[in-house]
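Dear colleague,

Please find the structure below, handed over for your own work. My notes on it follow.

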Amino acid sequence: MSALVNEVARIISNEPIGPRLHLMVLESPTIAAKVTPGQFVHMKVPGAPDHILRRPFSIYSRNANEGSVEILYQEVGTLTRFMPSLKEGDAELIGPVGNTWTGARRYKDGSCTHALLVGGGVGAAPLFMLAEQLKEAGCPTDVVLGAQTKEALVCRARYEALFGCEPSCATDDGTYGRAGFCTSLVEERLSQGCLSDGKPYDYLAVCGPEPLMKIVAGMGAQAGVYTELSMEKRMACGIGACLSCVVDTTMGKKRSCVDGPIFKAEDIVWG
Amino acid sequence: MRQPRQTNVKLAVDLGGLHMKNPVTTASGTFAAGHEYSDFVDVSKLGAVTTKGVSLNGWSGNASPRIAETPSGMLNSIGLQNPGVKHLLEHDLPWLREVGATTIVNVSGHSFDEYVDVIEALDESGLVDAYEVNISCPNVDAGGMTIGTDPKSVEQVVGMCRKATKLPMIVKLTPNVTDITEIAKAAVSAGADALSLINTLLGMAIDIERRKPQLARYVGGLSGPAVKPVALRMVWEVHKAVDVPLLGMGGIGTGADAVEFMLAGATSVAVGTANFTNPTATVDVINGIIDYCENHGVGDVNELVGALQ
């Protein structure tokens with residue numbers, strides 16, 4: 001991992017884009033220049049001094065020219081419920097933290113020829129830079145997205161614009177795409193092969209709630225597809241010192257912040 | 001990488017035989033062995049780096065979730081996860097020596113003998129400047145706080161450690177007792193050169209939606225600004241009760257916080273949870289102490305120790 005910075009990052013915009021879902025854009029030129037797909041920033045949220053811990057947010061997109069990064073966040077606790085009220089101010093971002101998805105590297109070395117990306121809920125965001133990277137490299141890539149409702153499928157349009165075709169979508173309530181969990185779409189894709197040429201996938205990347213990742217990891221293993229996932233645990237330091245965010249793996253406990261957040265699915269010991 | 005600024009204020013302190021170039025070290029467990037923070041601060045410029053608690057053969061620690069944020073604080077129940085003393089000796093301590101850091105090794109054990117074994121494994125290495133004997137971790141079932149709440153056990157384990165080393169030995173106290181001065185006196189009578197306090201306060205938080213504890217182990221240690229008044233009170237009490245120097249900690253995040261602890265009787269201070277909020281907190285605290293001294297005509301930080309009026 002290259003050197004980390006702690007960068008004062010002005011909030012450029014912070015807008016609701018779905019139910020309890022918000023997009024925040026921050027001016028953070030150093031991190032914008034360095035970040036690679038799957039990495040995150042550890043944010044000190046301004047205006048909330050009683051919240052002493054930073055929060056990790058994956059980078060959804062970056063604009064290296066403008067020096068900005070974008071995060072997608074969901075209101076899940078008191079601090080993320082406070083965050084939408086921030087219209088201006090300076091956050092502090094430690095970053096870019098963590099390792100990166102290996103899809104593009106694998107495409108270059110030939111071990112990945114067809115990729116399938118699976119994003120559940122806000123888990124669609126940390127996969128987007130990987131999708132851009134695979135697209136640019138020329139790797140045939142399909143995308144499966146799942147969300148609770150149509151309104152919560154907030155990343156769909158961006159994936160569609162990138163690939164020029166709609167990702168396979170599922171909603172829990174059936175208001176868009178397949179009704180139910182997106183796992184049935186994953187199963188279908190793995191059995192039918194890549195949409196472009198019907199060839200089997202050899203790279204599967206998944207990010208979303210742990211139960212979803214566990215199921216998809218199982219499907220990937222059964223299909224013999226190399227599978228990666230992005231783990232997120234509660235973090236304190238966010239830089240590998242405190243051992244708060246450990247994940248159980250076949251090699252013992254690993255820190256999700258700096259040994260991850262991307263792990264080989266086969267290494268995870270599920271609780 | 002942040003460095004302390006230049007000053008004419010004399011910053012060096014003597015913590016029970018340990019020479020510190022300034023009064024600021026790190027609280028064990030919040031700073032690993034310093035390497036992770038070296039993008040942010042020059043660890044060689046700290047008074048000392050206090051390493052994460054180490055046991056003889058390593059422990060895997062507690063189940064997750066291991067932390068929970070609470071108002072102006074946090075609970076942790078890491079459970080002293082560490083790779084063992086051999087790893088520390090081969091990787092972390094040589095690095096600290098190479099960069100020129102002063103090193104305090106926090107020593108943990110499940111039994112009295114394990115504390116001694118850890119010290120014996122380290123003592124000839126020449127890589128340790130002082131020990132901090134951890135008889136106060138609230139997150140393990142054996143050792144830790146179970147020893148540090150009973151004056152007889154404290155005397156026994158500190159006495160055994162004393163025989164194992166001639167290096168400066170700091171004993172870290174738990175606040176989870178009725179009278180911390182009783183424990184402090186026991187540690188000093190058994191040969192502690194200095195005392196550090198406080199370790200975390202045992203606490204709990206509950207997720208009311210799931211009706212489950214926030215921590216897998218149900219309870220954990222509270223740290224951060226929320227505990228500062230308790231820590232300060234205990235430093236003041238112990239300063240009056242014993243004659244050895246004190247390493248004060250508990251919610252220190254600014255130079256002003258550090259000065260409070262020094263006025264209450266601490267010779268040096270440790271920055272812990274504040275590292276998580278602000279990765280340059282250690283150096284910021286040093287600079288804040290310098291600011292205070294310069295603004296108040298204090299030529300030597302030692303003038304502050306116990307100078308409460």
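In chain B, 73% of the contacts with a separation of 6 or more are between residues 24 or more positions apart; two residues are in contact if their C-beta atoms, placed from the backbone, lie within 7 Å. This is a predicted model, in which local features need pLDDT of at least 70 and side-chain atom pairs count only at pLDDT 80 or more, whereas totals for chains, interfaces and linings use all residues. Residues are numbered from 1 along each chain as its sequence is written, and chains are lettered from A and ligands numbered from 1 in the order in which they are written.

The predictor assigns the complex an ipTM of 0.95 and a pTM of 0.96. The average pLDDT of chain B (the predictor's confidence in each residue, from 0 to 100) is 97, and 100% of its residues score at least 70.

Chain B contains nine helices and 16 strands; helices (H or I, at least four residues) and strands (E, at least two) are DSSP runs, numbered from the N terminus. Its radius of gyration, taken over C-alpha atoms, is 18 Å, close to the 19 Å that the globule rule (2.2 Å times the number of residues to the power 0.38) gives for 309 residues, so chain B is as compact as a globular protein of that length. Along the principal axes, the C-alpha atoms of chain B fill a box of roughly 50 × 50 × 40 Å.

Of the 309 residues of chain B, 59% are buried. A residue is buried if 20 or more other C-beta atoms lie within 10 Å of its own, exposed if 12 or fewer, and partly exposed in between, with C-beta atoms placed from the backbone. Helix 7 of chain B (residues 255–264) is mostly covered, with eight of its ten residues buried; among them are B:Val259, B:Phe261 and B:Met262. The buried residues of this helix pack against strand 3 (24–26), helix 6 (228–241), strand 15 (246–249), strand 16 (266–271) and helix 9 (281–295) of chain B. After helix 7 of chain B comes B:Gly265, with a positive phi near 130°.

Between the chains, 23 residues of chain A are in contact with 29 residues of chain B.

Chain A is assigned domain 1 (5–97) and domain 2 (103–230), with bounds from an automatic or database domain assignment. The centres of these two domains of chain A, taken over C-alpha atoms, are separated by 24 Å.
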